[in-house]
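Hello,

Here is the structure I promised to pass on to you. Have a look at it first, and then read on for what turned up in it.

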Amino acid sequence: MECAKCGKPAADEQCGSCLVKSVEKKARKALPKITGNSRILVINDGSCEGKVSEYLARKLITITEVSCSKLPKEGYDVVLHAHTADKKASDLLEFMLESRKTEPAQSLLGQLLRKEIAAYAKIKNIACDAEKSGQMVEKLEQRSKGSTHALARVSEEILGLGR
Ligand SMILES: [Zn+2]
C-alpha cells in the first residue's frame with residue numbers, strides 16, 4: 001500500500017510521518033486563543049484519547065502552563081476535553097435517538113478519528129489499552145468513509161461549539 005499523501009510505502013492509508021503531521025495540524029487548528037496568562041486544564045481520564053490530548057496540549061501550548069486532571073475543575077480559562085470526531089458523531093446520534101444532550105466541550109481532537117488517535121499513540125509510544133471497537137459510528141465509517149466527520153460537523157451545529 002502507498003501513502004495517500006506522499007506515495008511512500010505505508011501499512012495504512014497514510015504513512016507514519018504523514019499521520020503525525022496531519023494529527024498535529026488538526027490539533028493546532030483546534031487550539032483556542034491562548035495568552036501567557038491563560039490557565040489551561042487538560043482532561044486526561046487515562047484513556048488513549050485523554051493521553052494523546054494531554055501529549056498534544058503540552059507539545060503545542062508552550063506560552064503558558066498546562067495543568068492536567070482526570071475530571072473538570074473550576075478556576076481555568078480553558079478546559080480541553082478529549083472528544084474526538086467519533087465522540088461528537090455519537091453525541092449527535094444519542095441526541096437524535098434518545099434526546100440525550102451532551103454539553104459541548106472544547107477539544108483538540110474534534111477533527112480527528114479514534115483510529116487516528118490510536119495510530120498516533122502507537123507511533124509516539126504512548127501506552128494505550130486495546131481498542132474497543134464495533135461502535136455504531138465506526139461501523140458507519142467503515143461503510144461510508146467520511147461519515148464521522150460529516151456527523152461531527154452536524155453535531156457541532158446542533159449541539160454547539162462549531163467553528
Ligand atoms: Zn506519507
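**Where two helices meet**

G16, L19, V20 and V23 of α1 are in contact with E116, A119, Y120 and I123 of α4; two residues are in contact if their C-beta atoms, placed from the backbone, lie within 7 Å. Of the residues in this contact, six are nonpolar, one is polar and one is charged. Here Ala, Val, Leu, Ile, Met, Phe, Trp, Tyr, Cys and Pro count as nonpolar, Asp, Glu, Lys and Arg as charged, and the others, Gly among them, as polar.

Please keep in mind that this is a predicted model, in which local features need pLDDT of at least 70 and side-chain atom pairs count only at pLDDT 80 or more, while totals for chains, interfaces and linings use all residues. Residues are numbered from 1 along each chain as its sequence is written.

Helix α1 covers residues 16–29 and helix α4 residues 114–123; they pack at an angle of about 115 degrees, and their axes are 10 Å apart. Axes are lines fitted to C-alpha atoms, for helices over the stretch in contact, and angles run from 0 to 180 degrees between N-to-C directions.

**The chain as a whole**

The chain has six helices and three strands, in the order α-β-α-β-β-α-α-α-α from the N terminus. These elements are DSSP runs, numbered from the N terminus: helices are H or I with at least four residues, strands E with at least two.

Buried residues account for 29% of the 163 residues, a residue being buried if 20 or more other C-beta atoms, placed from the backbone, lie within 10 Å of its own. Of the contacts between residues at least 6 apart in sequence, 76% join residues at least 24 apart. Along the principal axes, the C-alpha atoms fill a box of roughly 50 × 40 × 30 Å.

**The sheet**

The three strands form an open sheet in the order β2-β1-β3, with parallel pairing; two strands pair if DSSP finds at least two bridges between them. Since β2 (66–69) and β3 (78–80) are at the edges with a single partner strand each, one side of each is left without a neighbour in the sheet. From one strand to the next, the twist averages 25 degrees.

Strand β1 (residues 40–43) pairs with β3 over three bridges, in the parallel sense, and L41 stands opposite V79 in β3. Helix α2 (residues 48–60) packs on the sheet and touches β1, β2 and β3. The direction of α2 makes about 155 degrees with that of β1.

Best wishes

Notes. A residue is buried if 20 or more other C-beta atoms lie within 10 Å of its own, exposed if 12 or fewer, and partly exposed in between; C-beta atoms are placed from the backbone.
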